[in-house]
Amino acid sequence: MSYKELKFPKDSVFLVTGGAGFIGSNLCEAILSMGYKVRCMDNLSTGKRENVDLFIDNPNYTFLEKDIRNLEDCMEACDGVDYVMNEAAWGSVPRSIEMPLFYEENNIRGTLNMMEAARQKGVKKFVYASSSSVYGDHPVLPKTEGQEGNLLSPYALTKRVDEEYGKLYKKLYGLDTYGLRYFNVFGKRQDPNGAYAAVIPKFIKMLINDETPTINGDGKQSRDFTYVENVVEANLKACLAPTEAAGEAYNVAFGGREYLIDIYYMLCDALGKKIEPNFGPDRAGDIKHSNADISKAKKLLGYDPEYSFEKGIKLAIDWYKENL
Ligand SMILES: NC(=O)c1ccc[n+]([C@@H]2O[C@H](COP(=O)([O-])OP(=O)(O)OC[C@H]3O[C@@H](n4cnc5c(N)ncnc54)[C@H](O)[C@@H]3O)[C@@H](O)[C@H]2O)c1
């Protein structure tokens, strides 16, 4: 069942933290399209004002320029809210290796502040972004909840700690928390710029501009690249999930496996470019292969992703062609 058919109580209010970012702005758009109210909270640190301006004229949309590191901001944002989708965090494994203290403050304390505010304000469901990086160096594929290895970056640690708080807040205080372990999300509005940009938008932009992308490693690494609409579906379904499914973390992916080098040449074909890539060193904190077992989210959240990699990448390329 498509998430567009999901029904929430008529006057439901959603709070999306990180709503000016890539995934958060797609969540805001989906919730508004379903006719519900959205409060977007973002400090615009990596997010963009233009992702707020898109919706600012919609009477169901409110923007709060606030920071999840500040408990008072979180309390104000959670007031009168039914569902929280906590997306605010800094991403990027390599950047977290350069600045671990900031990641601790932003991604752990920030999420803890949000859970505490949600608890005090009586929020119904607290859905939060975790990451496939919590699997660390565990070699088994597909990645399955309960089989996590040694962590490889401060970023991964922040997400693991968030999940532990998620479990505790359910157990100690009865807050229904759902951690969603996203696997390499891509799609419209993902930022192609900067040293820490994700590979798909970065390659698309460089190829459109006739620049030569660099692939870290040999390009034979594989990932479960996940179109953003699947992530939207998982978030909305988690908001309607039974209380028995709370206090847990779930893989959110398509369940496929794409090799970086294949994606590169597929993008070249789709954009009509003949550019051979450069190859650079492997990146610290990266693993070679990652793909997800999504059976837990299917069973307990009713997650049923509609967008294969092929379907999603076509939509993403079309969007970048029009919007870059
Ligand atoms: N994109 C992916 O592939 C991916 C994969 C796994 C997990 N995630 C997680 O999903 C979430 C969203 O990621 P994204 O790709 O949309 O990133 P993004 O950088 O586009 O969005 C994050 C948003 O959070 C905001 N933010 C950061 N710190 C904040 C703070 N202290 N207070 C308020 N707002 C703050 C930023 O300004 C930004 O708008 C993050 O938690 C990220 O760790 C993303």
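**Around the fold and the ligand**

Biologist: Is Ser-92 buried or exposed?

Modeller: Ser-92 has a relative accessibility of 18%. Bear in mind that this is a predicted model, where local features need pLDDT of at least 70, side-chain atom pairs count only at pLDDT 80 or more, and totals for chains, interfaces and linings use all residues. Numbering runs from 1 along each chain as its sequence is written, and side-chain values use heavy atoms, leaving out hydrogens and water. With buried meaning under 20% relative accessible area, exposed over 50% and partly exposed in between (1.4 Å probe, protein chains only), Ser-92 counts as buried.

Biologist: What is the phi of Ser-92?

Modeller: Ser-92 sits in the loop between β4 (83–86) and α4 (93–98); helices (H or I, at least four residues) and strands (E, at least two) are DSSP runs numbered from the N terminus. Ser-92 isn't a glycine, yet its phi is positive, at about 85°.

Biologist: And which class does Asn-184 fall into, going by its relative accessible area?

Modeller: Asn-184 has a positive phi too, about 35°, without being a glycine. This residue belongs to the loop between β6 (176–182) and β7 (185–186). Its relative accessible area is 30%, so Asn-184 is partly exposed.

Biologist: How much of the ligand does the protein bury?

Modeller: The shell holds 28 residues, each with a heavy atom within 4 Å of the ligand. Oxygen atoms of the ligand make polar contacts (N or O pairs within 3.5 Å): one is 2.8 Å from a side-chain N or O atom of Thr-46, and a backbone N or O atom of Val-185 also lies 2.8 Å from a ligand oxygen. Using the Shrake-Rupley method with a 1.4 Å probe, the ligand alone exposes 820 Å², and the protein covers 89%.

Biologist: Which element gives the largest share of that shell?

Modeller: α1 (22–33), β5 (125–131) and α6 (154–173) each supply at least two shell residues. The largest share is three residues, and they come from β5.

Biologist: How many residues are in the largest nonpolar core?

Modeller: A nonpolar core is a set of buried Ala, Val, Leu, Ile, Met, Phe, Trp, Tyr and Cys residues joined through side-chain atoms within 4.5 Å. Phe-8 is one of those touching the most other members. Leaving out residues up to four places away in sequence, Phe-8 has heavy atoms within 4.5 Å of several residues, including Phe-14 and Leu-236. The number of residues in the largest core is 72.

Notes:
Polar contact = N/O pair within 3.5 Å; in protein donor to acceptor, adjacent residues only side chain to side chain.
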